[in-house]
Amino acid sequence: MARANWLGLIGAILSIVSVAMVWFWRMFDSMGFASGQTALTGTLKNYSSDVSLVFIVGAIVALLTPLGVMLQIPALVVFPFLIWYWDLSGYWVLGYIVALIGAAVSVSSMFIQISFPGRRVLIPPETRIGVWSLRREERQSRPLHWSARIALLSLVIAAALVSTLIVTPAYAKPMSKISVTVMIDGRGYEIDNVTVKVDNNVILYRQLANGSLNGIQVIVNATAGPHTLSVNLAGDNVPPDHWHSYQPWVIKVLPWTTEEVLLGYNVGFI
């Protein structure tokens with residue numbers, strides 16, 4: 001019987017399909033520059049490109065050995081955060097799901113072997129290194145020792161637990177930051193104060209210097225997740241219909257990052 005773990009081959013093929021759907025295109029993220037791009041956005045684009053390239057290499061390696069899935073893990077961990085942060089469409093979600101299923105199947109092939117012809121199911125498999133072979137041969141490969149299997153499984157579980165323990169507190173405690181910068185050209189206008197609110201809590205109230213350009217920045221600690229931001233420009237002796245307000249909108253904060261917001265009133269940005 002030809003040595004062939006078709007479960008591992010199916011996982012590798014799914015990974016290659018996800019490369020065509022997602023990772024090949026995300027590899028070029030860092031080549032684009034958008035107006036108003038922040039340092040965080042640039043960093044995320046670079047990281048998205050890097051982990052996508054590593055995933056592609058891992059998908060190719062997975063054709064030879066399921067251990068290639070180890071190179072796919074960084075992209076699989078970070079991409080859900082990018083999907084949420086960038087509001088990526090359902091197409092990218094579908095591509096990610098294909099990649100996740102492919103990686104799961106590849107990992108399963110380390111413990112279960114499905115071979116043809118004969119449709120034999122072997123637990124543990126004869127080999128965890130070769131996924132397929134065109135030649136017939138006697139059993140030269142031997143499964144990993146039980147202690148190695150336990151070590152591999154323990155490594156996967158430990159990585160999942162450590163990742164969870166690192167990321168979860170950022171959603172419960174204010175370990176991220178929101179930086180709001182407001183540029184106001186008050187020359188010839190009656191606006192003389194600014195109020196910044198996050199989640200309906202006032203984080204800044206400042207009187208403005210009349211007839212001059214005002215630059216105001218406030219940084220506040222925040223938990224990871226969505227937050228509501230609003231900015232009101234008003235005048236103590238000015239009718240409310242002359243006030244200017246940025247209506248409340250939702251900003252997204254990633255764990256352990258600083259979300260930068262730049263707003264301007266009667267000024268332009270390049």
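Predicted model: local features only at pLDDT ≥ 70, side-chain atom pairs only at ≥ 80, totals over all residues.
Residues are numbered from 1 along each chain as its sequence is written, and side-chain values use heavy atoms, with hydrogens and water left out.

The chain contains five helices and nine strands, where helices (H or I, at least four residues) and strands (E, at least two) are DSSP runs numbered from the N terminus. Read along the sequence, these elements follow the pattern α-α-α-α-β-β-α-β-β-β-β-β-β-β. Of the 270 residues of the chain, 41% count as buried; a residue is called buried under 20% relative accessible area, exposed over 50% and partly exposed in between, with a 1.4 Å probe and protein chains only. Among the contacts with a separation of 6 or more, 68% join residues 24 or more positions apart, a contact being heavy atoms within 4.5 Å. The chain exposes about 15000 Å², of which carbon and sulfur atoms supply 66%; accessible areas come from the Shrake-Rupley method with a 1.4 Å probe, and for residues only the protein chains shown count as cover.

Helix α4 covers residues 90–108 and has 19 residues, reaching 27 Å from its first C-alpha to its last, which is close to the 27 Å expected at 1.5 Å a residue; the expected span of a helix is 1.5 Å times one less than its number of residues. The buried residues of α4 are W92, G95, Y96, V98, A99, G102, A103, V105 and S106, and these residues pack against α1 (6–26), α2 and α3. An α-helix has 3.6 residues a turn, so residues three or four places apart point the same way. Y91, which also lies in α4, counts as partly exposed because its relative accessibility is 41%. Together with F24, W25, F28 and M31, Y91 forms a nonpolar patch on the surface, with about 560 Å² of accessible area in total. Patches are made of residues with over 30% relative accessible area and no salt bridge, like charges being joined within 9 Å and nonpolar side chains (Val, Leu, Ile, Met, Phe, Trp, Tyr) within 5 Å. M31 is 11 residues from G42 in sequence and 9.9 Å from G42 in space, C-alpha to C-alpha. G42 has its place in helix α2 (residues 39–61) and is buried, with a relative accessible area of 15%.

A search of the whole structure finds two salt bridges, each defined as a side-chain nitrogen of Lys or Arg within 4 Å of a carboxyl oxygen of Asp or Glu. Side chains of opposite charge can pair when their charged atoms come close. D87 counts as exposed at 57% relative accessibility, whereas K252 counts as buried at 17%.

Strand β4 (residues 193–198) pairs with strand β5 (residues 201–207) in the antiparallel sense over six bridges, two strands being paired if DSSP finds at least two bridges between them. The bridge partner of N193 in β5 is Q207. β4 also pairs with β7 in the antiparallel sense over six bridges, and V196 stands opposite V231 in β7. Seven of the 10 residues of strand β7 (residues 225–234) are buried, so β7 is largely enclosed by the rest of the structure.

Most residues other than glycine have a negative phi. In the hairpin of β4 and β5, which has two residues between the strands, D199 takes a positive phi near 55°. D87, although not a glycine, has a positive phi of about 55°. The phi of W256, another residue other than glycine, is positive and near 60°, and W256 is found in the loop between β8 and β9 (258–265).
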